[in-house]
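Dear colleague,

I am handing over the structure below, and my notes on its charged side chains follow it. Please read them with the model open.

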Amino acid sequence: MPVPILKQGTYLIASVQSALTDADTERLQDDLMKYVSKYRAQGIIVDVTAIDVMDSFAARSLRTIAHMTKLRGAETVIVGLQPEVAFAMVQLGLTFEDMHTALDLEEGLAWLNIKLDTRRQRDGRDRGR
């Protein structure tokens with residue numbers, strides 16, 4: 001089942017509603033890459049609140065999404081990791097240490113706003129030189 005992706009300003013919000021098959025995960029990657037280009041998205045939130053089990057393929061795929069979209073100029077934050085999922089991931093040695101996570105959608109939006117404001121300020125200073 002495809003993951004719904006909502007455009008909110010310069011952000012994309014992908015809300016994962018149920019455990020993803022490998023094919024669903026690959027489609028999410030493809031869809032997000034297509035939408036980053038189409039909408040010139042600067043930030044992506046992947047909401048996994050509804051997921052109570054995450055396998056290693058899904059975890060690696062989320063990390064891949066974050067890396068791919070960053071190369072396209074968009075910051076990605078994963079929100080809503082359930083405590084049981086976080087615990088299982090740590091037990092399996094799967095971490096998101098090289099990408100940002102947030103407790104919920106509100107915190108994820110706040111992080112993106114701060115991150116992108118900082119980027120705009122830095123870019124403005126760089127152009128003034």
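How many salt bridges does the count come to? With a salt bridge taken as a side-chain nitrogen of Lys or Arg within 4 Å of a carboxyl oxygen of Asp or Glu, the count comes to 4.

This is a predicted model, in which local features need pLDDT of at least 70 and side-chain atom pairs count only at pLDDT 80 or more, while totals for chains, interfaces and linings use all residues. Residues are numbered from 1 along each chain as its sequence is written, and side-chain values use heavy atoms, with hydrogens and water left out.

Glu75 pairs with Arg119 in a salt bridge whose closest N and O atoms are 3.0 Å apart. Because Glu75 lies in strand 4 (residues 75-79) and Arg119 in helix 4 (residues 105-127), this pair ties together parts that are 44 residues apart in sequence; helices (H or I, at least four residues) and strands (E, at least two) are DSSP runs, numbered from the N terminus. Glu75 is buried, at 7% relative accessible area, where buried means under 20%, exposed over 50% and partly exposed in between (1.4 Å probe, protein chains only). Lys70, Glu75 and Arg119 are linked in a network of salt bridges.

Within helix 1 (residues 22-39), Arg27 and Asp31 lie 4 residues apart, about one turn of the helix, and their side chains meet in a salt bridge (3.7 Å, N to O). Arg27 is partly exposed at 44%, whereas Asp31 is buried at 14%.

In helix 4, Asp117 and Arg120 are 3 residues apart, and their salt bridge has its closest N and O atoms 2.9 Å apart.

Best regards
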